[in-house]
Amino acid sequence: MRQIGAWNWSLPAWAGRLPDGRTYNTCPSAGVCAQACYARHGTYTWPVVRAKHQANLRYVLDDLAGWQSAMIAELAAAKFRGAWIRVHDSGDFFSDKYLRAWLAVFRARPDTNFYAYTKEVSRFRELVEPDPPQNFLWVYSYGGTQDAELNPDVDRVADVFPDEAAVAEAGWASQEASDLLAVLGPRLVGVPANRIPAYLKRLAGRRFSEWQAEVDAERAARRGRRHLRIVADNTLPVVEAGLGQAAPRAA
């Protein structure tokens, strides 16, 4: 973010437990992305970093109105005028109340630009798309449980690819030069995968969208098998005792 002059606000990635024992899931629509999430690796896992992100989450959970006021007040600083802020380099808009609070922040600070990746497609369809703040841009990202709701012919979408060459081969536009290209560049956004060996192994040369489609198909097949029933064949003839002709079996 520093390299492109942008600021960011972070929550802990995906699911976990706060020091007070409460559990959380900041990415309720995460799918395969949770298995190869950069924000669950490296510096994000350092105790001091995790503590800061969890403190942010506790503030939101325990005093959302106070957090909203504090965020609006902080963004009044001159350094944020005309600046770009990425909402969540980890985490997502995990509830309607939380998203509405951010929308209020965006509208209260029209001189600041905000952007985000999100997998909360249904939530954005309902709460953002009908009346989006002019200073807020977003991109829907593949690899979540709501992938089927995305339409790449209409929506701005991002997909994680194995590498830069795969992005180019697919004809998508890479955001590698600047993360802002995710919302300012062409509508089909290619994100080269982080070079984390274990995650690359799980990705296995696929895009997130392809991986998620495979998982969804496997789950659908399992659901279909669970709903199979053995049905008796009521069409077979039965011979009644003492008679030489067959009669239809009773249902």
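The side chains of Lys119 and Ser141 are joined by a polar contact of 3.0 Å. A polar contact is a pair of N or O atoms within 3.5 Å; within protein, one must be able to donate a hydrogen and the other to accept it, and residues adjacent in sequence count only if both atoms are side-chain atoms. This is a predicted model: local features need pLDDT of at least 70, side-chain atom pairs count only at pLDDT 80 or more, and totals for chains, interfaces and linings use all residues. Residues are numbered from 1 along each chain as its sequence is written, and side-chain values use heavy atoms, leaving out hydrogens and water.

Lys119 lies in the loop between strand 5 (113-118) and helix 4 (121-127). Helices (H or I, at least four residues) and strands (E, at least two) are DSSP runs, numbered from the N terminus. Lys119 is buried yet has no salt bridge. Buried means under 20% relative accessible area, exposed over 50%, partly exposed in between (1.4 Å probe, protein chains only). A salt bridge needs a side-chain nitrogen of Lys or Arg within 4 Å of a carboxyl oxygen of Asp or Glu. For Lys119, the nearest side chain of opposite charge is Asp92, 6.3 Å away. Lys and Arg count as positive, Asp and Glu as negative; His and the chain ends are not counted.

The largest nonpolar core has 38 residues. Such a core is a set of buried Ala, Val, Leu, Ile, Met, Phe, Trp, Tyr and Cys residues joined through side-chain atoms within 4.5 Å. Among the residues touching the most other members are Trp9, Trp102 and Phe114. Helix 3 gives the largest share of this core, 7 residues. A second, separate core of 25 residues includes Ala30 and Val215.

Helix 3 (residues 96-108) has buried residues including Tyr98, Trp102 and Phe106. His88 sits in the loop between strand 4 (84-87) and helix 3. His88 is buried, at a relative accessible area of 1%.

By the salt-bridge rule the count comes to 10. Glu120 pairs with Arg123, with the closest N and O atoms 2.9 Å apart. Both Glu120 and Arg123 are buried. Arg207 and Asp159 meet at 3.0 Å, N to O. This pair links distant parts of the chain, 48 residues apart. Arg207 counts as buried at 19% relative accessibility; Asp159 is buried at 0%. Asp20, Arg22 and Asp62 are linked in a network of salt bridges.
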